[in-house]
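Trainee: Could you take me through one part of this model in close detail, the place where helices pack against each other? I would be glad if you then carried on to other parts from there.

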Amino acid sequence: MNRYKLSMWFLVSLAACVLILPGSATAKVYKTAISLAITGPTSDAGNPYSKGVEDYFRYVNDMNLLGEDSIECMIRDDKYETAITKRNFEEFLDWGIVFYLNYSTGSTLALKRDFDEVEMPTLPASYHAGNIEGSDYIFLPIASYSAQNIGLAEYVVENHEGDTPKVAMYVHPSAFGREPVKDVEKAVEAGLDINIVEVVEHGKDLDHTGTLMRWRSKGVQYVITQTVQSPVASLLKGASNMGLVAETFGQEGKMTFMGAHYTGGNDLVALAGQAAENFYWTTSFITTSEPSAGADAQLALAEKYDRDDKTANSHNYAAGILVAEITTEVIKRAKAQGKEVTKETLYQELLDMHGMNAYYSGTTVGPVTYSEQDHQGVDTLQLYAVQDGEFRAVGKPFTPEYTEKIK
C-alpha cells in the first residue's frame, strides 16, 4: 500500500471510529465557575459551600441528569479578597463560562457593573439586598439579610408581652452587617413596633462584658445579630457567664438572642455549647436536624462523595447545593425548549422562573422564583431555635410583612 493510500485508509478508519462512538460528536460541556473563600476569613462557611457546589455538579454528571451533556465547574479559592475574585472572574470569562457563582458581599458589590457589562447571570452566596439594587444580572438565591432581620423583628413584636420591646443589634463591621440595620430602621419608621436601643459593630475583642452591662442597664430584652458564627458564639458565652441568656423567649430580666443566616447552624452550637440554647435563628434553608426528604437527600449526597458529618449537616453545604441546582435547572429548561445553552438563554430562564415555572429545591423551605421585577429567590423563611443542642423549627415558614412595605 503506497503512502497516499495508507493516509486515506487512516482517515477513513478514523472517521468510521468517530461515527460509531455513541454521542461523542453531540455531547456538550457547559462551563460554569465559582470564586469563594475556601481558606481565610469566612472559610468556615465558604469551604462547605464549595463542597456543596462540587458534589451536586458531580452528581448531575454521574447520574446523567443532562443526558449526554455535562457541567464543568471551575472552583477557585479567593481567600475572601476582592482583588483575587476579580482576577478569577476575568479568567473564567476567558474560559467561556455561561453562568457564574460568586461569594462575598464585598466582591459582589465591587463586580456588580462587570456582571452587567458582560451580561453574566450571577448567583452570589451573599444575600445582601444591595447586591440586586440597580443590577440586571445578579440574583439572590434566598431571602435577603434585610428580610431575615425584619422577619426576626416581626417575630419579636408578635410574641413579646408588655410594652414596646427594646432591641439591640449586634452586627458585622461591613456592608454585610450595616445595610440590614438600615432596612430594619425603615420598617420601624413604617410602623414596626420595636425600639432599637443600640447598634453595635463588633471588633475582634472577645470580652463583651462592657457591652452586655450597658445593654442590661438600658433594659435590652432582645438582641438581633447580623454577622458570622464566631463573634455570636463569643457573645453568647459572655452573656451566659453573666447569667443574661433567656431560658424562654422574652424571659423577663434576661436577653433573648437571635440571628440571620450566617450567625446560626451547627457550627454555632459547636462553638458556643450550652450557651447556644434558645438562640433563635432564621434562614430559608432546611436543617438536617429536622426530618424531611430534603434532609435525607442532602445527607445521601454527602455520603456518596465521602464528606464528613460536619460538612454533611452544614446549612452552608445546603446553600452550595442550591446554587448548583438552580444552575442545572436553567440549563435543563433551555435544553428542553431546544435552545442553545448560552448566558443569554440561561438569563431568560431565570427571569421566567415564577408562577407555574417556580423551581422547588429540597434544600429550601419555599420555592425559588425570579422575574424581571424580582431577583430575590426563596421569599419564605423558617425560624429555628436551639433545643437540647439542635436547631428545631419554630412555627411554619413565613414571609416578612414589612419587606414589602419598605420597598
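Mentor: Happy to, and keep in mind that this is a predicted model. Helix H11, residues 293-304, packs against helix H13, residues 315-336, at an angle of about 90°, and their axes are 11 Å apart. Angles of 65 to 115 degrees count as roughly perpendicular, and H11 and H13 are therefore roughly perpendicular to each other. On the H11 side the contact is made by Gln298, Leu301 and Ala302, and on the H13 side by Tyr317, Ala318 and Ile321.

Now follow H13 to another partner, helix H14, residues 343-351. H13 and H14 pack at an angle of about 105°, with 9 Å between their axes. H13 and H14 are therefore also roughly perpendicular to each other. Here H13 contributes Ile326, Val330, Ile331, Arg333 and Ala334, while H14 contributes Thr345, Leu346, Glu349 and Leu350. The contact of H13 with H14 divides into six nonpolar residues, one polar and two charged.

Let us return to H11 and look at the loop between H11 and helix H12 (309-312), where you will find Asp306. Its phi is near 60°, a positive value in a residue other than glycine. That deserves a glance because most residues other than glycine have a negative phi. Asp306 is exposed, with a relative accessible area of 71%.

Lys79 has a positive phi too, about 60°, although it is not a glycine. Lys79 sits in the loop between E2 and H3. With a relative accessibility of 44%, Lys79 counts as partly exposed.

Just after H3, Gly96 takes a positive phi of about 100°.

H9 has 13 residues and reaches 18 Å from its first C-alpha to its last, close to the 18 Å expected at 1.5 Å a residue. The buried residues of H9 include Val232, Leu235, Leu236 and Ala239. Just after H9, Gly243 has a positive phi of about 70°.

Val378 lies in strand E11, residues 376-378, and at 0% relative accessibility Val378 counts as buried. Leaving out residues up to four places away in sequence, Val378 touches Pro141, Ile142, Ala143, Ser284, Thr364, Gly366, Pro367 and Val368. Asp388, in the loop between strand E12 (381-387) and strand E13 (390-398), is instead exposed, with a relative accessible area of 74%.

Methods: Residues are numbered from 1 along each chain as its sequence is written. This is a predicted model: local features need pLDDT of at least 70, side-chain atom pairs count only at pLDDT 80 or more; totals for chains, interfaces and linings use all residues. Side-chain values use heavy atoms; hydrogens and water are left out. Helices (H or I, at least four residues) and strands (E, at least two) are DSSP runs, numbered from the N terminus. Buried means under 20% relative accessible area, exposed over 50%, partly exposed in between (1.4 Å probe, protein chains only). Axes are lines fitted to C-alpha atoms, for helices over the stretch in contact, and angles run from 0 to 180 degrees between N-to-C directions. Angles under 35 degrees count as roughly parallel, over 145 as roughly antiparallel, 65 to 115 as roughly perpendicular and the rest as oblique. Contact means heavy atoms within 4.5 Å. The expected span of a helix is 1.5 Å times one less than its number of residues. Ala, Val, Leu, Ile, Met, Phe, Trp, Tyr, Cys and Pro count as nonpolar, Asp, Glu, Lys and Arg as charged, and the others, Gly among them, as polar.
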